[in-house]
Amino acid sequence: MKAKSLFIGLGLLAVAAGGVTWTLMDRETGPDIVAARMEPVSYPLPEEAIPAELSDTEAEIVVNNCTACHSLEYITTQPRGMGDKFWNDEVTKMAKVYGAPVEPGDAEAIAKLLAERFG
Ligand code: HEC
């Protein structure tokens, strides 16, 4: 007798589980569930920061030319004491190797400014 009611219980459970599965797979609700999952999510990103060393008007040439592909931290985190040639080569590499659209006159001014401040 006990075994029989256990079977009935299991049977009912199976029907209930089937019902839930059926509801989840329901053609009416299915797409809604998918749509809810695919809703675009936006995350607040930190403001693109201009480091203090490059926040004056003279440094605008750097901000304008050097932020298209990466943050200015690529510049400010370079080791100090690298000298003029390093900064010249950096700016040249950005333009020639990575295709940064820097006018030749601007390249010189940028390299000079970076060497003065981070050289
Ligand atoms: C067209 C895209 C682009 C622009 C614009 C750009 N860079 Fe870069 N920069 C790169 C790439 C790519 C790297 C290498 C990234 C890496 O290795 O993870 C890089 C890396 C650097 C580094 C790290 C050291 C190195 O050589 O890898 C410095 C410093 C740097 N850039 C300075 C500048 C300066 C100064 C300017 C403005 C004249 C500039 N970048 C503009 C693409 C650019």
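**A note on the fold, the core and the ligand shell**

1. Welcome to this protein, which has six helices and zero strands; helices are DSSP runs of H or I of at least four residues, strands are E runs of at least two, and both are numbered from the N terminus. The model is predicted: local features need pLDDT of at least 70, side-chain atom pairs count only at pLDDT 80 or more, and totals for chains, interfaces and linings use all residues. Residues are numbered from 1 along each chain as its sequence is written.

2. Of the 119 residues in the protein, 10% are buried, that is, have 20 or more other C-beta atoms within 10 Å of their own, while 12 or fewer count as exposed and values in between as partly exposed, with C-beta atoms placed from the backbone. Contacts are pairs whose C-beta atoms, placed from the backbone, lie within 7 Å. Among contacts between residues at least 6 apart in sequence, 55% join residues at least 24 apart.

3. Next comes the core. The largest nonpolar core has 11 residues, including Leu54, Trp87, Val91, Ile110 and Leu114; such a core is a set of buried Ala, Val, Leu, Ile, Met, Phe, Trp, Tyr and Cys residues joined through C-beta atoms within 7 Å. At least two residues of this core come from each of α3, α5 and α6.

4. Now look along α6. Which residues of α6 are buried? They are Ile110, Ala111 and Leu114. These cover an arc of only 100 degrees around the axis, so they sit on the same side of α6; the arc is that of the directions from the helix axis to the C-beta atoms.

5. The buried residues of α6 pack against α3, α4 and α5. Ile110 touches Ile61, Val62, Asn65, Val91 and Val102, leaving aside residues up to four places away in sequence. Exposed Gly105 and Glu116 lie on the face of α6 turned away from its buried side.

6. Finally, the ligand. Of the 18 residues around the ligand, Cys66, Cys69, Met94, Tyr98 and Ala100 come nearest; a residue counts as near if its C-beta atom, placed from the backbone, lies within 6 Å. α3 (60-66), α4 (73-76), α5 (83-96) and α6 (104-118) each supply at least two residues of this shell, and α5 gives the largest share, four residues.

How values were computed. Contact = placed C-beta atoms within 7 Å.
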